Amino acid sequence: MNANQFLKAVSQLQGWRECAFLLALAERSFPNYALFAEAVGMKTGGKMRQLLDRAWDMLQEEVAETAIPQLLAKLEALSPDVEAYDAYGVYPAFDFCQLLEQALLNRLNPSKHRATEASQLATATVMSFIELSEGESLEEDELVRLLDSHPLMKEDKNFQRNLVLALKRQRAPVERFITEIREDAANEGVSNLGISLGD
């Protein structure tokens, strides 16, 4: 699947498939939030974990209209204010919050397509991390080469492509399938930035 085919496949995701795609992107970047929250003493990692779990549960059940706004309000309360922190970690943490927000908004208004933008956001999180950690003194063409060949970029690309392919092939959001993509997205606690909850 080349880049154009991937973009087309993402743009065609809808309904439960689009929601599952958004949740899987959020799941993959959850450690970025949890580690930041821990580092700055925010004590919100556990609450955010519950919120993400609740969002996954909703994939397979009917949800009351009022439930989603409540969850969105909770998410807003748990999201870090990027202006309030000097640490770089606030940005990947906030990106996670935006991905989860898109998944919840998808349940509120399924007719608005969100997967393409979310896919780009998840990839941009990885790009800016590489740029910051390894690309500071590079010329633009060197930076492009670094990003093209970087293991984290390849990992992100593979993860998103395999996810889209799996979703396209799957007929219904049966529990076994959702568990599989969720576990794959969780990546044993290693985020899209290669940082781990176990570190």
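Two rings of Phe, Tyr or Trp are counted as a pair if their centres lie within 6.5 Å. In the present structure, which is a predicted model, a search of the whole structure finds six aromatic pairs. A pair of aromatic rings is described by the distance of the centres and the angle of the planes.

One of these pairs is formed by Tyr 33 and Phe 96, with ring centres 5.6 Å apart. The planes of the two rings stand at 45 degrees, so the pair is classed as tilted. Tyr 33 belongs to helix α2 (residues 15–39), whereas Phe 96 belongs to helix α5 (residues 90–108). The pair therefore ties together parts of the chain that are 63 residues apart in sequence. Tyr 33 has a relative accessibility of 0% and counts as buried, because buried means under 20% relative accessible area. Phe 96 likewise has a relative accessibility of 0% and counts as buried.

Another pair is made by Phe 36 and Tyr 85, whose ring centres are 5.1 Å apart. Here the planes are at 85 degrees, so the arrangement is edge-to-face, since planes over 60 degrees apart are placed in that class. This pair also links distant parts of the chain, 49 residues apart: Phe 36 is in helix α2, and Tyr 85 is in the loop between α4 (67–78) and α5. Phe 36 is buried, with a relative accessible area of 4%, while Tyr 85 is partly exposed, with a value of 28%.

Ring pairs join Phe 30, Tyr 33 and Phe 96 into a cluster. Over the ring of Phe 30 sits the charged end of Arg 49, 4.8 Å from the ring centre. In a further arrangement of this kind, the charged end of Arg 28 sits over the ring of Phe 159, at 3.9 Å from its centre.

Phe 30 and Arg 49 also take part in the packing of two helices. Two packed helices are described by the angle between their axes and the distance between the axes. The axes of α2 and helix α3 (residues 45–57) come within 10 Å and cross at roughly 175 degrees. The two helices are therefore roughly antiparallel to each other, as angles over 145 degrees count as roughly antiparallel. On the α2 side, the contact includes Ala 20, Leu 23, Phe 30 and Tyr 33. The α3 side includes Met 48, Arg 49, Leu 52 and Trp 56. The residues of this contact divide into 11 nonpolar, one polar and two charged.

Most residues other than glycine have a negative phi. Lys 43, which is not a glycine, has a positive phi of about 50 degrees. Lys 43 is found in the loop between α2 and α3 and is exposed, with a relative accessible area of 74%. A positive phi, near 55 degrees, is also found in Glu 188. Glu 188 is placed in the segment after α9, and a relative accessible area of 80% makes Glu 188 exposed.

Leu 71 is found in helix α4 and counts as buried at 8% relative accessibility. Leaving aside residues up to four places away in sequence, Leu 71 touches Leu 51, Arg 54, Met 58 and Leu 104. The C-alpha atoms of Leu 71 and Glu 101 are 9.1 Å apart in space, although the two residues are 30 residues apart in sequence. Phe 177 lies in helix α9 and is buried, with a relative accessible area of 7%. With the same exclusion of residues up to four places away in sequence, Phe 177 touches Trp 16, Ala 166, Leu 167 and Gln 170. From Phe 177 to Leu 167, the C-alpha separation is 9.2 Å, across 10 residues in sequence.

Finally, Ala 172 lies in the loop between α8 (151–169) and α9 (175–186). Ala 172 is partly exposed, with a relative accessible area of 32%. Ala 172 and His 113 are 59 residues apart in sequence, and their C-alpha atoms are 19 Å apart in space.

Terms used. Residues numbered from 1 in each chain as written. Predicted model: local features only at pLDDT ≥ 70, side-chain atom pairs only at ≥ 80, totals over all residues. Heavy atoms only, no water. Phe/Tyr/Trp six-rings, centres within 6.5 Å; stacked < 30°, edge-to-face > 60°. Helix = DSSP H or I, 4+ residues; strand = E, 2+ residues; numbered from the N terminus. Buried < 20%, exposed > 50% of the residue type's maximum accessible area, 1.4 Å probe, protein only. Lys NZ or Arg CZ within 6 Å of the ring centre and 35° of its normal. Axes fitted to C-alpha atoms, helices over the stretch in contact; angles between N-to-C directions. Parallel < 35°, antiparallel > 145°, perpendicular 65-115°, else oblique. Contact = heavy atoms within 4.5 Å. Nonpolar A, V, L, I, M, F, W, Y, C, P; charged D, E, K, R; others polar.
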